[in-house]
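Welcome! Take a look at the structure below, and then we will walk through its aromatic rings and its overall build.

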Amino acid sequence: MKTLITFVVLLILSLTKSIANDVSNLKENFKNGDPGITAINAMTFGPENILFIGDSKSAQIIAIDVSDHPVADNSKVKINQLDKLIADKLGTAIDQVQITDMVVNPKNKNIYISVSHSSGTPVLFRVENNTLNSVDLGNASYSKIILVDAVAKEAKDKRGRELRKWAVADIKYDSGKLFLSGLSNKEFASTFRSIDFPFTEKQDYGSLEIYHAAHGKYETHAPIKTFIPTTIKGKSHIIAAYTCTPLVVFPMDDIKSGEHNKGRTVAELGSGNSPLDIVEVKSDATRYLLIANNNRPLMRMDFSDLEAFDKTLTTPVTIKGAAEGVAYVNMPYVQVQQLDAYGDNGFVIIQREATGNLALKQGSSWWIQK
């Protein structure tokens, strides 16, 4: 018995040491100093309090260690006049600042909000005690990678709009990889990247093609605006939302590096709209997608409906604003500008309320309960 106990103790110590080494290895190539962040277009969290920042202006991804940040209790977060608070913190006017993203650290539920000043300066805030504390971006523990074949700085679309901001449209971390949607400098510009973390010189990416029902044609130039890695019927997939507004699924095994990949369009959520964020939440065993939009209410989609839909949309939706494919429910949240999951069954939003107040607050879990 004593021998068995000794063996178990040694095994636990060995596993603990192995886990500690794995954690350490994630940050072994980090340096201290100024990571040179020129814009914050998208954010996501990985393991061990590592915040990933997508910087389209410099076509780079920066991993920052924020494990030394105090843990705040955001369970009852509510900040009114958020835009005024940000402007006051920066000593400027409201019309000189723009919120570019919001993300929740799943490990400790700290909330981070990124802001762009009219001067082009990126700013990052952490929410604590219903106020904002600035994060020093000029002095951090970090690692970074430059994207290969990113859309050129001078590239413009047919309307003369600059495309460089779509070098990084959205980023997500899953199982040792950072996934990234955006535009490349290739003929079929819509691109999906898979980047190992810790960063190496290797970058896998391929082009994407989807059927856009509201436009009535196949497209290869529009980037995925927001996406989520998840499982459908037990297999790994990407659920991707595009502007104007196709919802498309890509089996992860089908996304091949260096190849042209076609997705399956499962819904048209209504033209004249752009998706902003997509998250997964749960109520007991029931899974839902929540989708925030710039010109539609917050949407809720049941995963069972998504999994039951085995078709693909291949014909035009000719009625303007009409929806087709997988059904969804419009939730009573309009003008939601930012959305992220808060734990497994909660969510936080930045919403322009009917009074004009811009508020950071918890969404009611009542709307995702069975």
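Phe 30, Phe 52, Tyr 173, Phe 197 and Phe 199 form one aromatic cluster. Rings of Phe, Tyr and Trp (its six-membered ring) pair if their centres lie within 6.5 Å; planes under 30 degrees apart count as stacked, over 60 as edge-to-face and the rest as tilted. This is a predicted model, in which local features need pLDDT of at least 70 and side-chain atom pairs count only at pLDDT 80 or more, while totals for chains, interfaces and linings use all residues. Residues are numbered from 1 along each chain as its sequence is written, and side-chain values use heavy atoms, leaving out hydrogens and water.

**Aromatic pairs**
- Searching the whole structure turns up 11 aromatic pairs.
- Phe 52 and Tyr 173 are stacked, because their ring centres are 5.7 Å apart and their planes are at 10°.
- This pair links distant parts of the chain, 121 residues apart: Phe 52 is in strand β3 and Tyr 173 in strand β11.
- Both Phe 52 and Tyr 173 are buried (under 20% relative accessible area, with a 1.4 Å probe and protein chains only; exposed is over 50%, partly exposed in between).
- Phe 192 and Phe 227 form an edge-to-face pair, because their ring centres are 5.3 Å apart and their planes are at 70°.

**The whole chain**
- The chain has 3 helices and 28 strands (DSSP runs: H or I of at least four residues for helices, E of at least two for strands, numbered from the N terminus).
- Of the 370 residues in the chain, 51% are buried.
- Along its principal axes, the C-alpha trace spans about 75 × 55 × 45 Å.
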